[in-house]
Amino acid sequence: MRILIANSSPDPIYEQIVRQVKTQIIAGELAEGELLPSIRKLAQDLQISVITSKRAYDELEAEGFIDTVAGKGTFVAAQNAEFLREKRMKVVEEKLAAAVGEAQLMGMEYGQLAEMLRLLCEEAS
Amino acid sequence: MTPDDAIEVTGLSKRFKGFALKDVSFRLPRGYIGGLIGPNGAGKTTIIKIIMNLVRPDAGAVKVFGLDHRAHEVEVKSRIGFVYDVPGFWGDISLNAHRRALGRFYPRWNDAVFDRLASEFELPVNKHFKALSHGMQTKFALVMALSHDADLLIMDEPTAGLDPLFRRDLLQRLSTLLQDERKSVLFSTHITSDLARVADFITLIRKGEVALSLPKDELLDRWAVARGDAAMLGRIDPAILRGSRRRAFGVEALVSDVNALRRAIGPEAVVDKATLDDVMVLMTAGDAHAA
């Protein structure tokens, strides 16, 4: 697991952790069943408060990315293929939504945006 | 109180000539780091001295590990490691002699830990205490506190007069200590950057009173500083306005809800996340010593 905290970021530290762990699980860099550092170890390594690391793990657990087994530790949760696909779709959706937001800010029409997307897809394939 | 509090302070009052503590209450749950911040003279040291039973309060109660700190003084103190600003050791006695004299008072004293830390900190164990620099004296106090496996470390301005390298090292040691979730740390400081990352709870003392006491994340994630023109102040809901001051080119305001702030003020104001320094400075703005 690799986590980089930016003090200057407007995002709270726990959100930065959640986002980076999720990204690594979705990308397959963190494999199912992999043992993660304990809440207190994570706090020590990142030099952050225990409350912050606990909150990050609570959030990841609530979203089904990690499992905590009492007395054993915290592990990357089993991700079924469909669930993972859905999460990846969600990432695409979020990025498209951001692009739509940018486009609307500068007054781009749907047709222009669709054309741009078509060209990008053709280029990539 | 829950048995899981390392420290619970309730309604402490103490009147001195020209200074008074008023109804000070806060708690530190077991397993966490708590920070007492505030300007010099706000009362941080007095509060710590009362917890250590070195000063008797006029009113109020202190419980440590759920025990009354006076009725169970011996047990409570044997489980506390205490580091304070001006360490109270004997000047004409060597560090090693301190170890022999003081170690026997602690049931869980560990010579091996003392030796390891003394060598890591490069302490001259055969020198007299008074021959040490201020930084070295603080390091020695820390070694003594860590060598008896204390469940609670109480430190009054431990980082004052220490270089940044050792301050980092100290903070790292605190979070190492907390790997054992029964251990807790309370430390006072006016160097708030030391606390900004590792502390779990923050208590701000202002003129002998608790100005706020809450989880640090709540403070740093939700509080903000807005800078704008004088008219901006009028648009901020008084319920979230926690402090302000006039600057040469505008106004600075501290608010406890960044989202409500963004809704209330226009785009011409600049909004930043609040730092502990901002909180301390803006909440004590207007006090005589903070002017």
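Q: What should I know about the conventions before I start?
A: Residues are numbered from 1 along each chain as its sequence is written, and chains are lettered from A in the order in which they are written. As the model is predicted, local features need pLDDT of at least 70 and side-chain atom pairs count only at pLDDT 80 or more, while totals for chains, interfaces and linings use all residues; side-chain values use heavy atoms, without hydrogens and water.

Q: How do I read a nonpolar core, and which residues have the most contacts inside the largest one?
A: In soluble globular proteins, nonpolar side chains tend to be buried together. A core here is a set of buried (under 20% relative accessible area, 1.4 Å probe, protein chains only) Ala, Val, Leu, Ile, Met, Phe, Trp, Tyr and Cys residues joined through side-chain atoms within 4.5 Å. The largest has 100 residues, and I7(B), I51(B), I154(B), V185(B), W223(B) and V279(B) have the most contacts inside it. Helix 5 (residues 134–146) of chain B gives the most to this core, with 7 residues; helices (H or I, at least four residues) and strands (E, at least two) are DSSP runs numbered from the N terminus. A second, separate core of 15 residues includes A224(B) and V251(B).

Q: Is strand 7 of chain B buried or exposed?
A: Buried: 5 of the 5 residues of strand 7 (residues 152–156) of chain B are, so the strand is largely enclosed by the rest of the structure. L152(B), I154(B) and D156(B) point one way, and L153(B) and M155(B) the other.

Q: Which strand pairs with strand 7 of chain B over 5 bridges?
A: Strands of a sheet pair through backbone hydrogen bonds, either parallel or antiparallel. Pairing here requires at least two DSSP bridges. Strand 8 (residues 184–189) of chain B is the partner, in the parallel sense, with L153(B) opposite V185(B). Strand 6 (residues 80–83) of chain B also pairs with strand 7 of chain B in the parallel sense, over 4 bridges, and F82(B) stands opposite I154(B).

Q: Which strands stand at the edges of the open sheet?
A: The open sheet of 4 strands runs in the order 12-13-11-14 (chain B), with antiparallel pairing. Strand 12 (241–247) and strand 14 (270–273) of chain B each have a single partner strand, so one side of each is left without a neighbour in the sheet. Strand 12 of chain B pairs with strand 13 (residues 250–255) of chain B over 6 bridges, and L241(B) has V255(B) as its bridge partner.

How values were computed. Buried < 20%, exposed > 50% of the residue type's maximum accessible area, 1.4 Å probe, protein only.
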